[in-house]
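Colleague: I would like a close look at a single part of this model. Please keep it brisk and stay with what the coordinates give.

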Amino acid sequence: MKLRPLSPLSLLSLPLALALSACGTLEKLPKVSMPKLPDMKVKVPFVGDDSTAPSNDPDIVPFRLNEPLQTGHTLEIAAYAGQISPSKMFAGRVMVDDKGQADLGKYGMVKLGGLKLHEALLPLESAFRRHRGQSLINVQIIRVEGLPLLSVRGAVKQPGIIQFVDGATPASVLRHAGGRTGDPTATAVYVTRNGQRAFHVNYLNSEIPLEPGDIVTFSDSL
């Protein structure tokens, strides 16, 4: 039998014919059912806002560090449980109401009116501790009426809460706290931020930047 050469048109249509033939073959293959994957529950980090203060409150109530909290004062706070792997319990703004109380949401009401800032830390910590049942609770007061703050603790003459300024370092903070007490050769400092406590060998190190809400604790022995 004499074979006839294929025309150019036949050559172009050949790949299409092969593809259609393959589709017909695939339809005859048995269907394979894929096993159902288990639902994976991913723990999402805390990213919410627990604020109970009015979001549209336009009034600025005068606030001074050496005076007690009063009705209308709005505090921006954060609370953490634990230290090695701290978990955030609360983050947001709370306002002192006309009864001198602040609403902590699911953690209840807490009396803050008439207290100075360093005095307000204890009732705040107690309120969170009652609900969580953990002894180690860190409450950071970040701002009051928009004024950024720092907490100074440990071996200093005047521990308390001071105003944060841009460029603040432990060395500059120490001057505002009246200087050191205890061992005069001690230089170590701890900076607590977002519930985590970081150790620094020498507070004179200018490369230890501070942020509003930080807790700066000077060691009395290291």
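Which residues form a nonpolar patch on the surface, and how much accessible area do they have together?

Modeller: First, a caution: this is a predicted model. The mean pLDDT of the protein chain is 83, and 77% of its residues reach 70 or more. Over residues 37–47 the pLDDT is below 50, and this stretch has 2 contacts in the model beyond near neighbours in sequence. Where pLDDT is low, the predicted coordinates should not be read in detail.

Now the patch. Phe199, Val201 and Leu222 form it, with about 310 Å² of accessible area together.

Take valine 201. It sits in the loop between strand E9 (196–200) and strand E10 (215–218). Its relative accessible area is 60%, so valine 201 is exposed, the cut-off being over 50%.

Next, phenylalanine 199. Its relative accessibility is 45%, so phenylalanine 199 counts as partly exposed. Its ring also has a partner. The structure holds 4 aromatic pairs. In one of them, the ring centres of tyrosine 190 and phenylalanine 199 are 5.3 Å apart. Their planes meet at 55°, so this pair is tilted; edge-to-face would need over 60 degrees.

A second pair involves the loop itself. Tyrosine 203 and phenylalanine 218 are edge-to-face, with 5.7 Å centre to centre and 75° between the planes. This pair links distant parts of the chain. Tyrosine 203 belongs to the loop between E9 and E10, phenylalanine 218 to strand E10, and 15 residues separate them. Both residues fall under the 20% cut-off for buried. Tyrosine 203 has 13% relative accessibility. Phenylalanine 218 has 2%.

At 36% relative accessibility, asparagine 205 is partly exposed.

Elsewhere, ring pairs link Phe90, Tyr107 and Phe128 into a cluster.

Now the setting. The protein chain has 3 helices and 10 strands. From the N terminus on, the order is α-β-β-β-β-α-β-β-β-α-β-β-β. Of the contacts with a separation of 6 or more, 54% join residues 24 or more positions apart. Buried residues make up 37% of the 222 residues. The protein chain exposes about 14,300 Å², and carbon and sulfur atoms supply 57% of that area.

Note on methods: Residues numbered from 1 in each chain as written. Predicted model: local features only at pLDDT ≥ 70, side-chain atom pairs only at ≥ 80, totals over all residues. Heavy atoms only, no water. pLDDT = per-residue confidence, 0-100. Contact = heavy atoms within 4.5 Å. Patch = residues over 30% accessible without salt bridge, like charges linked within 9 Å, V, L, I, M, F, W, Y side chains within 5 Å. Areas by Shrake-Rupley, 256 points an atom, 1.4 Å probe, with all protein chains shown as cover. Salt bridge = Lys/Arg side-chain N within 4 Å of Asp/Glu carboxyl O. Helix = DSSP H or I, 4+ residues; strand = E, 2+ residues; numbered from the N terminus. Buried < 20%, exposed > 50% of the residue type's maximum accessible area, 1.4 Å probe, protein only. Phe/Tyr/Trp six-rings, centres within 6.5 Å; stacked < 30°, edge-to-face > 60°.
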